[in-house]
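I opened this entry to look up helix packing and nonpolar cores. My notes follow the order in which I checked things.

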Amino acid sequence: MAESVFRLEKGMKAAICCRGGPENGPFSAQVARTLKEGFELNGYSDVIKAYYAVSGSSPTALLGCIGEEEKLCNIWLNLTPEEILGNMEDFKGIGRLLKIIDKLIQDPFNLDTWKSLIREKGKRNDIRTVLRLLENLKRGYMITNGALYDLLKKNGESELERIFGPRSALMKIISVDELTGQHVVFSNRIPEHKDIIFKGIIGSMGLVPYFPATVIDDPESLNLAERTHPDFNKLFLIDGGYKTSLPIEEAIREDIGYDVLFIADIHNTEIREIDPINSNALLSRTLRALHIRSTAHDQLVLSVQDRI
């Protein structure tokens, strides 16, 4: 990738393009905070004119556009698994049951293991938890995104007037419609998006098969899509990283005309190292496959921009 040096000048316009992925959530928040503080320390204010984000980095655009990077970093610092996934007892129950099943596979004639499956405290509830999981899988997902939606509303609802106000920086969050494969862009410059922005964010984070698709009714009336699937007047949103994990093209096409684009990606747009211990876990394999595909696409996009 070509390297270049730019000089800070009064009136310059910059944008931050936040790459998707769970690791880039807290990383992009700190990048945005560091850039803002660095500009201000050097006497340059109001440099960052826009935030573009996908998937896990979407909260950076949501709060960054109103200068609340420090608040965002504190949210990430104190975040708990329960705030993202909800009741963790269900996951612990599945884990306990899978350990027993693993023992049964290794030694199916071990009577003590069979007894533990029936008698040990909590195991019957664990089985019911697994049955609920199987029921969800029939519907196309593993867990709901209700806790994640509540987390976004808790930290963002009180700021909506500022986010969609005239003094905020431009914000764009990108998802994908599962039915048509088209980009779906949520922006704080479109008033109709104000009431659905949190649905847009969880849609952009909708990693398949873990979360359900986020359904948006009548998207044309919301200035959200020019077309829908012929059989549905709806969008079924999934993770924006399935189409592009780095929204640099969206920024380049903007009429603002940026002097510089900052790319926030903890992996430097390279395929990250794999953890051999957990490499066969379902979540690890799903994220790995998505990471390889999105990285190859993003490297191609960047190489094209370099040649231009």
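I started with M171 and set aside its neighbours within four places in sequence; the residues in contact with M171 are then Y51, A61, L62, C65, I163, F186, S187, N188 and I197. The model I am reading is predicted.

I then looked up the largest nonpolar core, which has 48 residues. M171 is among those with the most contacts inside this core, along with I16, Y51, I163, I197 and L224. I noted that α1 gives the most to this core, with five residues. Another core lies apart from it and has nine residues, including A50, L170, L246 and Y258.

**Helix α10**

I197 belongs to α10, so I checked that helix next. Helix α10 spans residues 197-204 and is mostly covered, with seven of its eight residues buried. The buried ones are I197, F198, G200, I201, I202, G203 and S204.

**α1 against α3**

I went back to α1 and asked how its axis and that of α3 cross. The axes of α1 (residues 24-41) and α3 (residues 69-77) come within 9 Å and cross at roughly 150°. Angles over 145 degrees count as roughly antiparallel, and α1 and α3 are therefore roughly antiparallel to each other. I recorded the crossing of α1 past α3 as left-handed. On the α1 side, G25, P26, A29, Q30, A32, R33 and K36 make the contact, and on the α3 side E69, E70, L72, C73 and W76 do. Sorted by class, I have six nonpolar, two polar and four charged residues in this contact.

How values were computed. Residues numbered from 1 in each chain as written. Predicted model: local features only at pLDDT ≥ 70, side-chain atom pairs only at ≥ 80, totals over all residues. Heavy atoms only, no water. Axes fitted to C-alpha atoms, helices over the stretch in contact; angles between N-to-C directions. Helix = DSSP H or I, 4+ residues; strand = E, 2+ residues; numbered from the N terminus. Parallel < 35°, antiparallel > 145°, perpendicular 65-115°, else oblique. Left-handed = near helix turned anticlockwise from the far one by under 90°. Contact = heavy atoms within 4.5 Å. Nonpolar A, V, L, I, M, F, W, Y, C, P; charged D, E, K, R; others polar. Buried < 20%, exposed > 50% of the residue type's maximum accessible area, 1.4 Å probe, protein only. Core = buried A, V, L, I, M, F, W, Y, C linked by side-chain atoms within 4.5 Å.
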